[in-house]
Amino acid sequence: KWVIVPFDFLKLKNILFDWQTHMAEHHAWNAVFWCNHDQPRVVSRFGDENEYWAQSAKMLGTVIHCLRGTPYVYQGEEIGMTNAGFTSLDQYRDVESINHYHILRARGLHEDSVYDILRVHSRDNARTPMQWDTNAHGGFTTAEPWLSVNPNYTRINAAAQVDDPKSVFSHYRKLIALRKQYDVISYGDFAPLDEMHSSVLAYTRRFQGEQLVVINNFYRTEADWNCPVDLDGFTCLLSNYANPSVQTKLHLRPYESLVLYRAAK
């Protein structure tokens, strides 16, 4: 845990797909989520905090909310909250993080390197105050909070997103609405697509003739992908880009996600 290495995308896909397929084989039901109080923020972990922040946050939400099972939204995930970026030990409260600061320093790591590791891996990243608005402490409290609010609360906050149809929050609302509207998302089976592709995470859902194809580019680089499913008759229910393309040979933009649907014939 306490080293900085790129995440293993194929291993991540394998874990997600294994849980989906094996739980279904045993007539069990998944709890599907990226975030909880013991994990760093998912958009910082697997997405992009800068140029493609919104696109990657929406893509990660799409991956989870179209899977088989019950999706969970951890506070702040729905507005794309990021890791805290703390720069001094006195900003941390998590005992594990504080202990490993001293362990890593005792092993000879430079202080700057240790802070880099904590900024990536500490679970305090998920425990900072909810960013409600641009008021002091993100509108979370008028007192001094136990953990400092993330400095980006002036840019990333609920008030800025709830009425913005293009926001991360609005994307999550649409994902939740789709699950209620289309039975294939709630009840459909699951099958992975192109499991060994180096940048695309895709899968299908089927239920009583309905079909859903969910396609996600997991990287900030563009990707060409040939969908193994004939997409004739499919329409795009949701994307994180304007003017999405619905065709078998796809050119995916950075972190692009597509939720494609075909009704029962």
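Author: Asp194 is partly exposed, with a relative accessible area of 34%, where partly exposed means between the limits for buried (under 20% relative accessible area) and exposed (over 50%), using a 1.4 Å probe and protein chains only. This is a predicted model, in which local features need pLDDT of at least 70 and side-chain atom pairs count only at pLDDT 80 or more, while totals for chains, interfaces and linings use all residues. Residues are numbered from 1 along each chain as its sequence is written, and side-chain values use heavy atoms, with hydrogens and water left out.

Reader: Where does Asp194 lie, and near what value is its phi?

Author: Most residues other than glycine have a negative phi. Asp194, which is not a glycine, has a positive phi, and its place is the loop between E3 and E4; strands are DSSP runs of E with at least two residues, and helices are runs of H or I with at least four, numbered from the N terminus. The phi of Asp194 is near 45°.

Reader: Is Asn243 buried or exposed?

Author: Asn243 lies in the loop between strand E7 (235–239) and strand E8 (249–252). Its phi is positive, at about 55°, although Asn243 is not a glycine. With a relative accessible area of 71%, Asn243 is exposed.

Reader: Which strands hold Phe190 and Tyr203, and how is that pair of rings classed?

Author: The structure holds 16 aromatic pairs, counted for rings of Phe, Tyr and Trp (its six-membered ring) whose centres lie within 6.5 Å, with planes under 30 degrees apart called stacked, over 60 edge-to-face and the rest tilted. Phe190 lies in strand E3 (residues 189–193) and Tyr203 in strand E4 (residues 200–207), so the pair ties together parts that are 13 residues apart in sequence. Both Phe190 and Tyr203 are buried. Their ring centres are 5.2 Å apart and their planes stand at 40°, so the pair is tilted.

Reader: Which residues do ring pairs link into a cluster?

Author: A cluster is built here from ring pairs. Its members are Phe7, Phe9, Trp34, Phe46, Phe218 and Tyr219.

Reader: Which residues does His65 touch, not counting those up to four places away in sequence?

Author: His65 lies in helix H3 (residues 53–65) and is buried, with a relative accessible area of 3%. Contact means heavy atoms within 4.5 Å. Leaving out residues up to four places away in sequence, His65 touches Pro71, Val73, Tyr172, Leu175, Ile176, Arg179 and Ile185.

Reader: How many Å separate the C-alpha atoms of Gly85 and Ala28?

Author: Gly85 lies in the loop between strand E2 (70–71) and helix H4 (95–106), and at 35% relative accessibility it counts as partly exposed. Apart from residues up to four places away in sequence, Gly85 touches Arg119 and Asn125. Gly85 and Ala28 are 57 residues apart along the chain, and their C-alpha atoms are separated by 38 Å.

Reader: What radius of gyration does the chain have?

Author: The chain contains seven helices and nine strands, and buried residues make up 50% of its 265 residues. The radius of gyration is taken over C-alpha atoms, and the globule rule is 2.2 Å times the number of residues to the power 0.38. For 265 residues a compact globule would have a radius near 18 Å, which agrees with the chain's value of 20 Å.
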